[in-house]
Amino acid sequence: MSKTNNTYSLAKSLHHINIAREYMLDVKRDAHSNVKNMFTNYVTKCDYILAGVRDMLSEENRIVFKKELKDSFLIEAINDKLIHLDENEKLEVENFIDLIIKKSKDEKQKKRISRETSIV
């Protein structure tokens, strides 16, 4: 999901719900009786929200939605590592990520141009 309109905020909120759901499942696994029931209800509420959003999407966007949610813990793992860095190191990581994104965009643009020129 790209950072246009409200899609960025939607994607971020869904990642957080998905991560919260997984943590609640973890708590539920080790819990007993009332606590287990309470966390079962919380997980159900997260599932309700995620399913509600998924059901509103087109088939193409559902594929993106599924892929995005698979990456939730990867993003969380990266964030967990970033907190151990100082400001300069965080800026280096950010610059490195910007370079990767630029390279990826450039490669995609070259492929697109190559396809367009081969059609003509």
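User: Which residues are linked with R21 in a network of salt bridges?

Analyst: Good place to start! A salt bridge is a side-chain nitrogen of Lys or Arg within 4 Å of a carboxyl oxygen of Asp or Glu. Here R21, E22 and D47 are linked in such a network. Before we go on, keep in mind that this is a predicted model, where local features need pLDDT of at least 70 and side-chain atom pairs count only at pLDDT 80 or more, while totals for chains, interfaces and linings use all residues. Residues are numbered from 1 along each chain as its sequence is written, and side-chain values use heavy atoms, with hydrogens and water left out.

User: How many salt bridges does the rule give?

Analyst: The count comes to seven. One of them joins the side chains of R21 and E22, at 2.9 Å from N to O. Another pairs R54 with D55 at 4.0 Å. K67 and D71 also form one, with their closest N and O atoms 3.7 Å apart.

User: Is R21 buried or exposed?

Analyst: The general idea is a scale: buried means under 20% relative accessible area, exposed means over 50%, and partly exposed lies in between (1.4 Å probe, protein chains only). R21 has 18%, so this residue is buried.

User: Which residues form a negative surface patch?

Analyst: Patches are made of residues with over 30% relative accessible area and no salt bridge; like charges are joined within 9 Å, and nonpolar side chains (Val, Leu, Ile, Met, Phe, Trp, Tyr) within 5 Å. Asp and Glu count as negative. In this model, D86, E87, E89 and E92 form the patch. Take E87: its relative accessible area is 55%, so E87 is exposed.

User: Where is E87 found?

Analyst: Helices are DSSP runs (H or I, at least four residues), numbered from the N terminus. E87 is in helix α5, residues 87-119.

User: What joins the side chains of S72 and N18?

Analyst: A polar contact of 3.2 Å. The term means a pair of N or O atoms within 3.5 Å; within protein, one must be able to donate a hydrogen and the other to accept it, and residues adjacent in sequence count only if both atoms are side-chain atoms. S72 sits in helix α4, residues 72-82, and is buried at 1% relative accessibility.

Terms used:
Areas by Shrake-Rupley, 256 points an atom, 1.4 Å probe, with all protein chains shown as cover. Charge placed at Lys NZ, Arg CZ, Asp CG, Glu CD. Helix = DSSP H or I, 4+ residues; strand = E, 2+ residues; numbered from the N terminus.
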